[in-house]
Amino acid sequence: MELLTSNSSKTWKLAKRYNDNYRMNMGDCFLSYRVTYNSNGMTTDNNSKNRDCGESMEANWSFYTNDKGAYIKWKGEKVKTLLNQENDYKFFKIKALSDTLLIISFKHKQFGNTERTILDHLVPEHIEVKDRNYHN
């Protein structure tokens, strides 16, 4: 928990995102996105503080493990509405977690209800990331 929350509260920013193994060009909302994990089990993001980026997420978070790996689980009514899904919970598979890097993957339905695998690389908000707005 200390790696994720820094014993109290830790804010992460999106360093890069992959959509089915293709690196995404991150627009303003992705570049300004911050998610904060608190040691009290709450998580929030800053979407509503940024122009045209939508409503902010507020959810409970917890760690979850099974035979397929370790996950961060978000639970709350906003998970259901903001992620446009039937369940009020979402699992994010932890690919890496250190003091300076969080890599998570998750399934997300996009245009035409096609399910894609998203791979997010997040870093603490104070870390400078070269070529964040890069598209290959």
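This is a predicted model: local features need pLDDT of at least 70, side-chain atom pairs count only at pLDDT 80 or more; totals for chains, interfaces and linings use all residues.
Colleague: OK, salt bridges. What makes Arg 17 and Asp 120 a salt bridge?

Modeller: The rule asks for a side-chain nitrogen of Lys or Arg within 4 Å of a carboxyl oxygen of Asp or Glu. Arg 17 and Asp 120 come in at 2.6 Å, N to O, so the pair passes. Arg 17 sits in strand 1 and Asp 120 in strand 9, so this bridge ties together parts 103 residues apart in sequence. Strands here are DSSP runs of E, at least two residues, and helices are runs of H or I, at least four, numbered from the N terminus.

Colleague: And how do you know whether Arg 17 is buried or exposed?

Modeller: Buried means under 20% relative accessible area, exposed means over 50%, and partly exposed is in between (1.4 Å probe, protein chains only). Arg 17 has 16%, so it counts as buried. Asp 120 has 5%, so it is buried too.

Colleague: Why does Glu 125 with Arg 34 still count as a salt bridge?

Modeller: Their closest N and O atoms are 3.7 Å apart, so they fall inside the limit. Glu 125 lies in the segment after strand 9 and Arg 34 in strand 3, so the pair joins parts 91 residues apart in sequence. At 41%, Glu 125 is partly exposed.

Colleague: How many salt bridges are there in the structure?

Modeller: Eight. Among them is Lys 75 with Asp 88, at 2.9 Å between the closest N and O atoms. Glu 55, Glu 58 and Lys 78 are linked in a network of salt bridges.

Colleague: Now the rings. Why is the pair Tyr 64 and Tyr 71 called tilted?

Modeller: Rings of Phe, Tyr and Trp (its six-membered ring) pair if their centres lie within 6.5 Å; planes under 30 degrees apart are stacked, over 60 edge-to-face, and the rest tilted. Tyr 64 and Tyr 71 have 6.3 Å between centres and 55° between planes, so they pair and land in the tilted class.

Colleague: What class does that rule give Tyr 89 and Phe 91?

Modeller: Edge-to-face, with 5.7 Å between centres and 70° between planes. Ring pairs link Tyr 64, Tyr 71, Tyr 89 and Phe 91 into a cluster.

Colleague: Which residues of the largest pocket lie nearest its centre?

Modeller: Arg 17, Phe 30, Tyr 33, Asn 47 and Leu 83, out of 26 lining residues. Strand 8 gives the most to that lining, with four residues.

Colleague: And what makes something a pocket or a lining residue?

Modeller: On a 1 Å grid over the protein atoms alone, a pocket is an open set of points with protein on both sides within 12 Å along at least five of seven lines, and lining residues have an atom within 4 Å of a point.

Note on methods. Residues are numbered from 1 along each chain as its sequence is written. Side-chain values use heavy atoms; hydrogens and water are left out. On a 1 Å grid over the protein atoms alone, a cavity is a set of points where a 1.4 Å probe fits but cannot get out, and a pocket is an open set with protein on both sides within 12 Å along at least five of seven lines; lining residues have an atom within 4 Å of a point.
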